[in-house]
Amino acid sequence: MGHDSLNLIQGTLDLLVLEALDREPSHGYGIARWVRERTDGALAIEDGALYTALHRMEKRGWLRSAWGVSENNRRAKYYSLTARGRTRLKEERVAWAQYADAVFKVIRSARG
Amino acid sequence: MGADLPRGVRRFFRLGGVRAGVADELSDHFWRVEEELVRAGWSREEAAREARRRFGDVRKWRKRMESIDRATDRRRRVGGMRDALTGSVAQAFRALWGSPGLSTAIVLAFALGIGANATVYGILDRVLFSPPPHVTAPDDVVRLLVDRAFLNRRVTSSTLSFVDIEDFEASDRFAGVAAYSNVAILTVGRGRDADRVSSRDVTADFFTLLGVRPVLGRFFTAEEDVMGGAGVVVLGHGYWMRRYSGRRDVIGETIDYGQGIYTIVGVAPRGFTGIDLSPVDLWLPVKVSAPSRLGGTRWLNTRNAYFVNAVARLKPGISTAEAEADATRLHRLGREEHIAQGRYDAEARVIAAPVIAARGPNPAAEVRVARWLAGVSGIVLLIACINVANLLLGRALRRRRETAIRLALGVSRRRLVGDALMESLVLALAGGTAALAAARWGGDIVRSTLLPGVDWSAGQAGGGLIGFVIALALVSGAISALMPALQATRADVNDALRASAGAITRTTLRTRGLLSVAQAALSVVLLVGAGLFLRSLQRVGSADMGFEPDGMLVGHIVKDADGTFDDEAQRAWFERAIDQVERLPGVLGAAAATSTPFYDAYAFGMRVPGLDSIPPSPVGGPYGQAVTPDYFDVLGLAVRRGRALATGDRDGSPPVIVINHALSELLWPGEDAIGRCIHVNIERDAPLPPCAEVVGVVEVAARGSINEEATPQYYTAAAQRLIPVTPNVLFVRTGGDANRQALPVRDALLALDERLRFVEVRPLIDMAASELRPWRLGATLFTAFGLIALLVASLGLFSVLAFDVAQRVREIGLRAALGATTPGIIGLVVGRAARITAGGIAIGLTVSLLLAPRIGDLLYQVEPRDPLTFLGVAALLIGVAAVASALPAWRATKVDPNVALRTE
């Protein structure tokens, strides 16, 4: 895999995570499940990559995390959006839409 | 697992925290995935394997997450500290802005205290701590001194004979041995354009031994440093800049100072002064320069001419003790003959002293001065810190309700102390900045007035100074703030909140009182030092030197070595000089002589009929000189018996002699000397000279120093030529300020004879200047710092008293309402001032009593425990305390009971 496609996937992954957390704070498993359901499993994302993305986005200040207690009384880590995360989400949406538009245009003109 | 550990423990091991966090998060994740799969019908084992498959490389991802988390943690910690710090600084600035008067007072105190230390820092660095500039590997360079018995005492002497130094060259312990002379003043140019320059004669290996490199040209070589060699000279950097404006084409030009022509071959680097501190303008090859300067080559061949110092470089791995042992052996071997004749100490020992003079024996006066500077400026800083602590305590008192409220609201004590510390540090740094400015400006003044004999051109330790000031500011800021801050936050919250403004924490008040006492005590110590030195200076000024030094000028002639100005020309010149100078306005009289007090003296063989030999005098002599008739009048030397010399005592008239009282007592104790006979200028194998009749006995004049025992001296008439010396010094009595008359007198003398290179005219007291310097220095230093200390201490006292009155308005009002009289109320305020002052005086004087004997040997005819000084300082302090308490006392009497009782 080349550098560009990695970036594409990473950017996409960030957007998906932000979208997931925009609805409600959740742990990593919940986010992974939400992403899988929404994309019908079309994006084969390793869970490890998703968790790493969560930690990276927390470091950037888009997410904050808090420890809670899971159903079986173990520590569970819950993530939620920060104000910066919300701003970032809006930007990512716009950027993604522009990007998708551009790609569609190419595809359509190639067909026509 | 990690989850079971208490949070504090996990936070303590931060890395463990990161790892445990990731582990917990992942185990939660796998558990959830497995649960989901099991619910969908997977077996436990398959579910576990599937969960890990979906996750990917667990190790890889876990490592990545941990490293991201560690970075996150670090970022948060730094950010947190930064936020706390900016908050604290901002809070400090707000608080300081709120009380500009107090802040100014504190900054001033810090500026004075730190400024005093910053000013002396450069001096200490140069004089005490730094090796001489441009010397490579200075730790291996040693000065060779000789410690020996001389006239019943031990002396450690740095001046040796040239031959003594050549002895050391035989040692295999030294990589090199070099000789250098003391500074000699030469005259370059003629007449009014003459330039007085300082020079040192050195051997050629002096430069190679020290490892110094010229900035221009080269140093001279061993081939050039030979007797009768063509003169070469290396310029000092300062002189090159001053006289030649740093021209690079000076190489090959010649310098004439009347003792042969010297060709410039190089320029020494900036600030190079050999291994001593004083500036050098010309470096000359000793074997060329010394014979022409001192007259003849015997200086270099005899062991009796002590005029050079030795410096050596140790071979690698040789210890100082090994070098000393070998040098001592060689020294005793070289002096074998003298030792056998009983003329030299058989136990003489060579000392290899460090190149930094301050660390060796016999440190120069500059070193002692630098040490006092350090001590005294340290005390000033201490006083400043105490004063700031006192001011901060006062503010802490005023703010104690605010502090209590903040404590009650849950602000931590640590935070409060931190805030207080930050405030003080901000103030101390502001003070330090002011101090730096003061040190730049004041440093020059201090250097040039207190230590004029030191070459400072090697440059100030710029970065060092700034670092030193910052360090000093931080330390003094912390010291001053800590105690008040701790006291303020220790107060019980409830007490402070409940208490009205009238009640005051007793311990804090007591602390403030004690701090004021400490300040007063330290000021007393400094002022006692000032007093003792001032009294010494005053005693020196009125010292009985036998003559009257005020208004007296001395003129010395500078001749060329070519012999065009011979003895007869010199005699004639002095006759004309006296005649010319006496016509000048403001000149009362002039006379010529053959020696100058504090400068030089000659002894000649003497025989007295009826005495087997001349009894020895502990101070040497008898010293004789030839003078013109007006000498006694001009100097103010009183005639005790008989008459002074007169114009009638000339060539051909009966030989006469005037002796001083000390010589009279030495030769004929208790008897009348008038009419007795003395033969002077006795020489072996020569016929006995005619008898000179004693015609007068005069007072004893100071000869070598102000502070000496009466020295036997005698005077012959210059015209009778009884002793083989020609007048070489002119004494001029002026009516007013000798300094102002010096230039006109010099110009008149310069105009007399073109053949003279120069005539140096200066006040007689300047001849004793180096002797007076310790007292001048001590007096200036202690007075300046003592007054600063007194000022700071009196401000401290004032602030304590003023605060007292403000705090006790209610109490004072109550007392007034209950019928207290005005004197009674004043007594309240003055009583406290009196207790503080009395405590300070008592402690300060006790400390001074213990310390003063340490400077006893630096004082002149003043007891270190001089009662007058001690009483004077006590009186001064009481006076200052009275002034400081006047305003607060007056305020106290103006307290209106009605208003005071109604407040709160």
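This is a predicted model: local features need pLDDT of at least 70, side-chain atom pairs count only at pLDDT 80 or more; totals for chains, interfaces and linings use all residues.
Me: Does Glu34(B) count as buried or exposed, and with what relative accessible area?
Reply: The side chain of Glu34(B) meets that of Arg52(B) in a salt bridge of 3.4 Å, N to O. This pair links distant parts of the chain, with Glu34(B) in helix 2 (residues 14-39) of chain B and Arg52(B) in helix 3 (residues 44-55) of chain B, 18 residues apart. Arg52(B) is partly exposed, with a relative accessible area of 37%. The cut-off for buried is under 20%, and Glu34(B) is buried at 13%.

Me: What is the N to O distance in the salt bridge of Arg173(B) and Asp172(B)?
Reply: Arg173(B) counts as partly exposed, at 25% relative accessibility. A salt bridge requires a nitrogen to oxygen distance within 4 Å. The side chains of Arg173(B) and Asp172(B) meet at 3.6 Å.

Me: How many salt bridges does a search of the whole structure find over all chains?
Reply: In chain A, a network of salt bridges links Glu19(A), Asp22(A), Arg23(A), Arg86(A) and Arg93(A). Over all chains, the search of the whole structure gives a count of 47.

Me: Which helix of chain B gives the largest share of the positive patch?
Reply: The patch of positive charge on the surface gathers Arg19(B), Arg59(B), Arg62(B) and Lys63(B). Lys63(B) lies in helix 4 of chain B. The largest share, 3 residues, comes from residues 58-98 of chain B, which form helix 4.

Me: What accessible area do the residues of the nonpolar patch on the surface have together?
Reply: The patch is formed by Trp96(A), Tyr99(A), Val103(A), Phe104(A) and Ile107(A). Phe104(A) is found in helix 4 (residues 83-111) of chain A. Phe104(A) is partly exposed, with a relative accessible area of 48%. Together the residues of the patch have about 470 Å².

Me: What pattern does chain A follow when read along the sequence?
Reply: Chain A has 112 residues, of which 41% count as buried. Its elements are 4 helices and 2 strands. Read along the sequence, they follow the pattern α-α-α-β-β-α.

Me: How far apart are the end C-alpha atoms of helix 3 of chain A?
Reply: Helix 3 of chain A covers residues 47-59, which makes 13 residues. At 1.5 Å a residue, the helix should span 18 Å. The end C-alpha atoms agree with this, being apart by 19 Å.

Me: How many of the 13 residues of helix 3 of chain A are buried?
Reply: Among the buried residues are Asp47(A), His55(A), Arg56(A) and Glu58(A). Helix 3 of chain A is largely enclosed by the rest of the structure, because its count of buried residues is 12.

Me: Which residue just after helix 3 of chain A takes a positive phi?
Reply: The phi in question is about 90 degrees. The residue that takes it, just after helix 3 of chain A, is Gly61(A).

Me: What is the phi of Ala137(B)?
Reply: Most residues other than glycine have a negative phi. Ala137(B) lies in the loop between helix 5 (100-129) and strand 1 (141-150) of chain B, and counts as partly exposed at 42% relative accessibility. Its phi is positive, near 45 degrees.

Me: Where in chain B is Phe598(B) found?
Reply: Phe598(B) has a positive phi of about 65 degrees although it is not a glycine. At 12% relative accessibility, Phe598(B) counts as buried. Phe598(B) is found in the loop between strand 15 (587-593) and strand 16 (606-607).

Definitions and conventions:
Residues are numbered from 1 along each chain as its sequence is written. Chains are lettered from A and ligands numbered from 1 in the order in which they are written. Side-chain values use heavy atoms; hydrogens and water are left out. Patches are made of residues with over 30% relative accessible area and no salt bridge: like charges are joined within 9 Å, nonpolar side chains (Val, Leu, Ile, Met, Phe, Trp, Tyr) within 5 Å. Accessible areas come from the Shrake-Rupley method with a 1.4 Å probe; for residues, only the protein chains shown count as cover. Lys and Arg count as positive and Asp and Glu as negative; His and the chain ends are not counted. The place of a charge is taken as NZ of Lys, CZ of Arg, CG of Asp or CD of Glu. The expected span of a helix is 1.5 Å times one less than its number of residues. Buried means under 20% relative accessible area, exposed over 50%, partly exposed in between (1.4 Å probe, protein chains only).
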